[in-house]
Amino acid sequence: LMGLRKCPSWLVATMVIGIGGVDELRQIVLPGRHASWLDFAMDCAGVVSALLLYVLFARMASNAIAHAR
């Protein structure tokens with residue numbers, strides 16, 4: 001987990017979206033479950049929202065550190 005700090009955020013987002021896609025594909029073969037494009041789209045929207053919040057808070061923290069000096 002600590003290695004992800006050095007990983008570009010776009011790469012982390014791509015990996016998480018990939019995991020969501022694999023999860024949807026896995027649900028095709030599970031009894032009582034079904035795959036849904038809408039569910040995958042919501043997974044992607046969640047990843048994009050989290051990435052945007054991360055970038056926003058990282059910039060706010062960077063600005064706060066710069067102004068504290």
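Helices here are DSSP runs of at least four residues, numbered from the N terminus. In this predicted model, helix α2 covers residues 37-68, and alanine 45 is found in it. With 32 residues, α2 reaches 46 Å from its first C-alpha to its last, close to the 46 Å expected at 1.5 Å a residue. Looking along the chain from alanine 45, the C-alpha of isoleucine 65 sits 20 residues away and 30 Å off.

The N-terminal end of α2 comes with a cap, and serine 36 provides it. A side-chain oxygen of serine 36 lies 3.2 Å from the backbone nitrogen of leucine 38.

Then there are the aromatics. Searching the whole structure turns up one aromatic pair. Its partners are tryptophan 37 and phenylalanine 40, arranged edge-to-face, with 6.3 Å from centre to centre and 80 degrees between the planes. Both residues belong to helix α2, where they are three residues apart, or about one turn of the helix. Tryptophan 37 counts as exposed because its relative accessibility is 73%, over the 50% cut-off. Phenylalanine 40, at 21%, counts as partly exposed, since buried would mean under 20%.

Over to helix α1, which spans residues 9-29 and includes isoleucine 28. The relative accessibility of isoleucine 28 is 56%, so this residue counts as exposed.

Key: Residues are numbered from 1 along each chain as its sequence is written. This is a predicted model: local features need pLDDT of at least 70, side-chain atom pairs count only at pLDDT 80 or more; totals for chains, interfaces and linings use all residues. Side-chain values use heavy atoms; hydrogens and water are left out. Helices (H or I, at least four residues) and strands (E, at least two) are DSSP runs, numbered from the N terminus. Buried means under 20% relative accessible area, exposed over 50%, partly exposed in between (1.4 Å probe, protein chains only). The expected span of a helix is 1.5 Å times one less than its number of residues. A polar contact is a pair of N or O atoms within 3.5 Å; within protein, one must be able to donate a hydrogen and the other to accept it, and residues adjacent in sequence count only if both atoms are side-chain atoms. Rings of Phe, Tyr and Trp (its six-membered ring) pair if their centres lie within 6.5 Å; planes under 30 degrees apart count as stacked, over 60 as edge-to-face and the rest as tilted.
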